[in-house]
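Here is a colleague's note to read beside the model. Take the points one at a time and look up each residue as you go.

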Amino acid sequence: MLDVLTTPLRSLLRQRQSGHSLPAAFYLSPDVFEADMEHIFGKHWIYVGVEPDVPEPGDVAIFDIGKASIAVVRDDDNEVRAFHNVCRHRGARLVTDEKTTVGNLVCRYHSWTYNLGGDLIHAEHMGPAFDRSCHGLKPVHVRSLEGLLFVCLADEPPTDFDEMAKRMGPYIAPHNVRNTKVAFQSDIIEPGNWKLTMENNRECYHCGANHPELTVPLFAYGFGFAPEEMDEFDRANAERYGCLIAKNHADWEAEGLPSREIDELDTMVTGFRTERLPLDGDGESHTLDTKAACGKLLGDLTSAKLGGLSFWTQPNSWHHFLADHIVTFSVLPLDAERSLLRTKWLVHKDAVEGVDYDLENLTSVWLATNDQDSELVGLCQQGARSPAYRPGPYSPNTEMLVDKFVNWYAGRMAEHIGR
Amino acid sequence: MLDVLTTPLRSLLRQRQSGHSLPAAFYLSPDVFEADMEHIFGKHWIYVGVEPDVPEPGDVAIFDIGKASIAVVRDDDNEVRAFHNVCRHRGARLVTDEKTTVGNLVCRYHSWTYNLGGDLIHAEHMGPAFDRSCHGLKPVHVRSLEGLLFVCLADEPPTDFDEMAKRMGPYIAPHNVRNTKVAFQSDIIEPGNWKLTMENNRECYHCGANHPELTVPLFAYGFGFAPEEMDEFDRANAERYGCLIAKNHADWEAEGLPSREIDELDTMVTGFRTERLPLDGDGESHTLDTKAACGKLLGDLTSAKLGGLSFWTQPNSWHHFLADHIVTFSVLPLDAERSLLRTKWLVHKDAVEGVDYDLENLTSVWLATNDQDSELVGLCQQGARSPAYRPGPYSPNTEMLVDKFVNWYAGRMAEHIGR
Amino acid sequence: MLDVLTTPLRSLLRQRQSGHSLPAAFYLSPDVFEADMEHIFGKHWIYVGVEPDVPEPGDVAIFDIGKASIAVVRDDDNEVRAFHNVCRHRGARLVTDEKTTVGNLVCRYHSWTYNLGGDLIHAEHMGPAFDRSCHGLKPVHVRSLEGLLFVCLADEPPTDFDEMAKRMGPYIAPHNVRNTKVAFQSDIIEPGNWKLTMENNRECYHCGANHPELTVPLFAYGFGFAPEEMDEFDRANAERYGCLIAKNHADWEAEGLPSREIDELDTMVTGFRTERLPLDGDGESHTLDTKAACGKLLGDLTSAKLGGLSFWTQPNSWHHFLADHIVTFSVLPLDAERSLLRTKWLVHKDAVEGVDYDLENLTSVWLATNDQDSELVGLCQQGARSPAYRPGPYSPNTEMLVDKFVNWYAGRMAEHIGR
């Protein structure tokens with residue numbers, strides 16, 4: 001493994017075996033991590049939060065992507081803007097709270113003052129030769145997909161965000177993200193490389209043995225299966241599940257809710273996938289009783305029986321849109337062996353805690369599921385450190401989306417560092 | 001020192017001055033540490049524990065050697081086997097408890113299941129092309145020397161283990177390790193490089209000033225001395241001590257207890273040394289009153305006055321076999337500046353705590369001694385970091401075994417990386 | 001920034017833009033840190049403490065400069081001497097307490113014993129071939145500037161210490177450091193590179209917005225200002241401040257107290273600067289009521305209205321000499337991103353706590369100021385980590401001394417590593 005860790009990245013990528021987990025260095029090496037931060041997180045659209053994080057003019061929310069600290073600001077014209085959170089004088093961090101509301105952005109060190117458009121509007125004692133207009137905050141690209149905020153640190157972001165936005169917009173719009181509030185946010189640090197967190201998210205092969213809460217609302221038959229291992233009983237159930245989905249898709253689309261699968265996980269620079277799927281039990285929400293957790297439904301929705309719309313993006317997010325609430329996840333790498341998983345629960349902005357929803361009921365399925373996944377990610381990280389670790393085979397029946405994540409990752413890296 | 005730290009290992013080895021402590025980089029450099037783990041801990045027989053750690057079929061004990069996690073298993077045929085503790089699917093750590101008892105080894109992630117022989121016997125959804133027989137657990141070489149367990153991570157372990165086993169067997173057998181139980185285990189993290197822990201173990205020049213408890217049962221005249229510094233009184237005592245040893249060796253060997261020194265510390269790949277030595281005071285055990293700590297003697301021993309049989313192995317263990325109990329030590333490097341010292345106290349498996357032995361009485365001498373040594377190792381580690389550190393001279397009278405450890409280490413490294 | 005971090009130091013120095021903060025690698029890179037420790041802290045006079053730290057023969061004080069641990073000792077002839085704190089036998093750290101009093105320096109490991117002159121006077125069991133005289137403690141250069149202790153780790157220290165001592169001696173002597181005691185010492189770890197701590201110390205542009213306590217005794221007009229930004233009122237105040245200084249300097253010098261500015265911050269290898277400045281309010285001391293904190297004045301001083309004599313040295317100290325007490329600061333780098341700031345408050349050695357001075361009153365201004373500065377340094381360190389950090393411009397009116405620090409640093413580095 002020592003040799004593998006010092007192998008140049010390009011040859012590591014060539015060593016990768018299709019349909020298998022990655023060589024250990026991809027999960028362990030600080031050099032690969034730096035390359036990930038430069039080429040993946042530095043050059044793609046990264047999901048960081050939602051418009052309800054900055055609902056009013058003057059609201060500021062800080063998001064860290066690796067070593068970059070980004071201030072997302074709602075300006076006086078109600079536009080969402082983003083800047084690097086670094087003073088242009090002596091380089092001090094400008095905003096230190098995760099969320100705040102300001103008139104201007106004022107550096108604590110020497111009181112240099114920037115307006116919400118990032119212009120330097122005040123700097124004392126700098127002398128007549130000093131040109132303020134050259135010392136504004138450095139802007140960061142930011143886009144809102146129906147209220148979901150994506151930033152890109154590159155000078156020239158991938159242009160296919162527009163295509164994703166166009167195709168995904170109609171799926172998400174009925175849930176009206178902009179009209180929600182953040183009812184709860186959970187930040188946990190998973191003890192593993194960010195790619196292990198993503199791989200864990202992209203399959204439910206592990207759900208049956210590990211997620212007693214999540215498997216209440218989810219159909220086991222949605223996790224994938226090897227047809228040759230099924231008995232009569234299984235086959236009948238699987239067939240019923242297939243019919244159920246086809247019927248639901250037809251019904252929901254007739255109601256104006258786009259539901260059919262789009263899978264561009266490995267076919268676009270801004271890779272994504274979506275599908276609306278029915279829920280088990282009474283099928284309303286991701287709760288322990290599968291009933292809606294919030295009495296006020298989202299947007300103009302009138303029925304809670306809409307299943308769950310899921311939306312996955314490369315490299316770092318997934319989202320579940322229920323009729324009554326939204327759960328949205330972003331993965332932000334901390335170092336080669338630790339990753340921040342940030343989860344937000346959104347409800348209708350007029351919903352009242354204790355009246356329309358109970359916070360524990362709203363959050364319990366995913367809080368438990370996240371903790372379980374975090375432990376599994378940690379086991380894989382520990383395993384990858386072993387000199388006996390070897391890339392293992394993905395199941396062709398239940399780990400296809402893991403394979404697509406890894407393919408996308410390897411392809412994007414190769415694109416940037418050369419093949 | 002900066003230059004020293006970046007000097008290639010081969011030239012560092014050539015810089016080593018015979019009869020002196022090592023250049024600082026050997027205690028500090030992460031690169032040297034990686035080389036130590038690869039060439040010393042990766043290619044030699046490493047003492048990890050005892051058969052009583054896995055007394056029954058299905059018992060599993062986990063030992064970490066650097067980044068390798070090893071599952072030592074007693075299989076259904078009562079054989080001790082060892083495997084890398086890594087699932088062959090997605091690489092998750094398989095067994096997470098230090099000790100457990102199982103029917104099969106089941107991975108928590110996706111329930112891949114291995115029998116106690118390491119064969120993959122169950123893996124769902126993998127499709128018809130998947131070959132289970134290629135995905136068994138990776139085996140690790142394991143050998144038992146009269147109940148002391150040694151593992152070797154290399155494909156081809158040193159062959160002279162057999163010679164050590166043949167010569168040491170008769171010394172150890174009378175203490176019947178297999179018929180003991182682990183009465184207590186202590187794990188402490190010493191704040192120093194593993195070689196400083198070993199050097200500390202290989203001399204008693206420091207005992208008089210630092211180990212008030214240990215010097216109760218040990219004879220000061222066994223620590224070595226400079227003949228030219230002795231007065232009349234010292235010389236008389238030393239002479240008496242020499243006679244005592246000769247007489248004891250003759251008596252014990254007549255009783256069928258091999259006792260005379262064997263020293264192959266620097267002359268075999270699997271370097272070792274042994275000798276049975278009398279104890280001070282009434283001379284029964286390593287206790288504060290020098291009396292046996294356990295009423296039930298080991299094996300078929302009938303007398304407690306057998307002194308102590310010591311057994312040292314390169315690179316990482318030492319053991320003291322008393323008539324009533326065994327204390328056994330393994331050093332497992334954690335990083336360049338931290339080492340795990342694991343100590344086990346073994347008593348007859350039928351001995352009952354509180355009846356046959358008192359745990360505090362059994363363990364107090366070595367618990368105190370370990371703590372004292374750990375502090376001394378820490379002082380050396382701190383000193384080695386100083387740019388003023390220079391290798392210092394070993395005493396030719398009291399530090400001969402330290403010199404042999406360092407010679408063995410340097411020789412083995414040179415063997416593997418070239419001279 | 002990745003590229004910058006791996007750029008060779010020489011080319012990093014060439015990238016530096018005059019009048020601007022340094023490229024980020026100077027604050028972040030472990031390699032630059034090692035070079036700083038080797039060329040700046042390893043080859044210049046480093047302020048570490050005061051003679052009152054070792055008032056009596058046998059007193060020992062330990063100071064760490066990077067990986068070097070240095071024992072400053074007052075020997076039996078009342079001379080201050082310094083040695084590397086490393087035993088010449090197995091390299092153990094010799095003295096483990098920060099301050100102690102000893103007859104000889106005895107290593108705990110094997111009792112090797114050195115006298116206060118560093119000679120090895122006792123080492124058992126080493127045999128007849130061993131030469132004690134080759135195994136004395138390694139000496140370190142130490143100099144006292146009127147009681148302020150500077151050490152130099154180089155074999156040949158900069159020779160211009162003598163010039164600094166000759167010119168500064170008359171300024172400091174009236175405050176009689178040798179006749180003081182350490183009333184209090186504060187050690188805080190600032191979360192930033194040592195150069196950020198120094199840059200923070202070398203300007204008061206940030207004082208108005210950040211130091212409510214310190215700006216009680218200090219005149220705001222002493223912080224520098226942009227003349228073109230001043231109104232009528234400001235200009236009149238600034239003029240009055242200029243007259244006040246001129247008058248004070250004349251008066252104090254007539255009383256035998258050298259007061260006028262000397263600035264050799266960027267013009268000597270042992271760079272320094274001094275000036276005696278009046279205080280605001282009633283102008284006696286650095287206290288919240290600007291009155292003397294200690295009833296017993298220093299040396300032979302009879303008036304408390306002497307303003308404050310400040311003394312700054314490159315690379316790591318500053319000092320404020322008041323009539324009633326002295327506050328003295330040393331910065332000792334811990335790693336690229338953490339620095340120890342050690343502050344000592346000295347009062348007349350016969351002053352009695354609770355009678356002549358109240359400890360809280362004595363220390364409150366600088367304890368608060370240090371905490372505020374530590375936070376500001378942390379903000380700059382966080383900012384420097386951002387890929388958006390760019391060196392920013394220093395104010396030509398208020399940050400001239402920061403610029404001189406950076407110039408001195410860059411010049412000294414270039415001198416040692418080549419341009």
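**Notes on the predicted model**

1. Let's start with A:His319, whose side chain makes a polar contact with the side chain of A:Ser317 at 2.8 Å. A polar contact here is a pair of N or O atoms within 3.5 Å; within protein, one must be able to donate a hydrogen and the other to accept it, and residues adjacent in sequence count only if both atoms are side-chain atoms. The side chain of A:His319 makes another such contact, 2.8 Å, with the side chain of A:Thr328.

2. A word on ground rules: this is a predicted model, where local features need pLDDT of at least 70 and side-chain atom pairs count only at pLDDT 80 or more, while totals for chains, interfaces and linings use all residues. Residues are numbered from 1 along each chain as its sequence is written, chains are lettered from A and ligands numbered from 1 in the order in which they are written, and side-chain values use heavy atoms, with hydrogens and water left out.

3. Where is A:His319? You will find A:His319 in strand 15 (residues 317–321) of chain A; helices (H or I, at least four residues) and strands (E, at least two) are DSSP runs, numbered from the N terminus. A:His319 counts as buried because its relative accessibility is 0%, where buried means under 20% relative accessible area, exposed over 50% and partly exposed in between, with a 1.4 Å probe and protein chains only. Leaving aside neighbours within four places in sequence, A:His319 is in contact (heavy atoms within 4.5 Å) with residues including A:Tyr47, A:Leu148 and A:Phe311.

4. Next, please look at A:Arg273, in strand 13 (residues 272–277) of chain A. A:Arg273 is buried, since its relative accessible area is 10%. The side chain of A:Arg273 makes a polar contact of 3.5 Å with the side chain of A:Glu275. Beyond four places in sequence, the residues in contact with A:Arg273 include A:Glu261, A:Asp263, A:Trp312 and A:Leu401.

5. A:Asn85 sits in the loop between strand 4 (80–84) and strand 5 (99–101) of chain A. A:Asn85 is buried, because its relative accessibility is 1%. A polar atom of the A:Asn85 side chain lies 2.8 Å from the backbone nitrogen of A:Val95. Not counting residues up to four places away in sequence, A:Asn85 touches A:Ile62, A:Ser69 and A:Arg93, among others.

6. The UniProt annotation "domain: Rieske", from an unreviewed entry, covers residues 47–151 of chain A. In the model, the end C-alpha atoms of that span lie 7 Å apart, and the span is 0% helix and 40% strand.

7. On to A:Trp366, in helix 9 (residues 359–385) of chain A. A:Trp366 is buried because its relative accessible area is 7%. Among the residues in contact with A:Trp366, beyond four places in sequence, are A:His286, A:His320 and A:Trp345.

8. Finally, what class of residue lines the largest cavity? By class, the lining has four nonpolar, four polar and two charged residues, including C:Glu190, C:Trp318 and C:Asp373. Helix 6 (194–201) and helix 9 (359–385) of chain C are the elements that give two or more residues to this lining, and helix 9 of chain C gives the largest share, four residues.

Note on methods
UniProt positions are given in the numbering used here, feature names are shortened, and annotations may be inferred rather than shown by experiment. On a 1 Å grid over the protein atoms alone, a cavity is a set of points where a 1.4 Å probe fits but cannot get out, and a pocket is an open set with protein on both sides within 12 Å along at least five of seven lines; lining residues have an atom within 4 Å of a point. Ala, Val, Leu, Ile, Met, Phe, Trp, Tyr, Cys and Pro count as nonpolar, Asp, Glu, Lys and Arg as charged, and the others, Gly among them, as polar.
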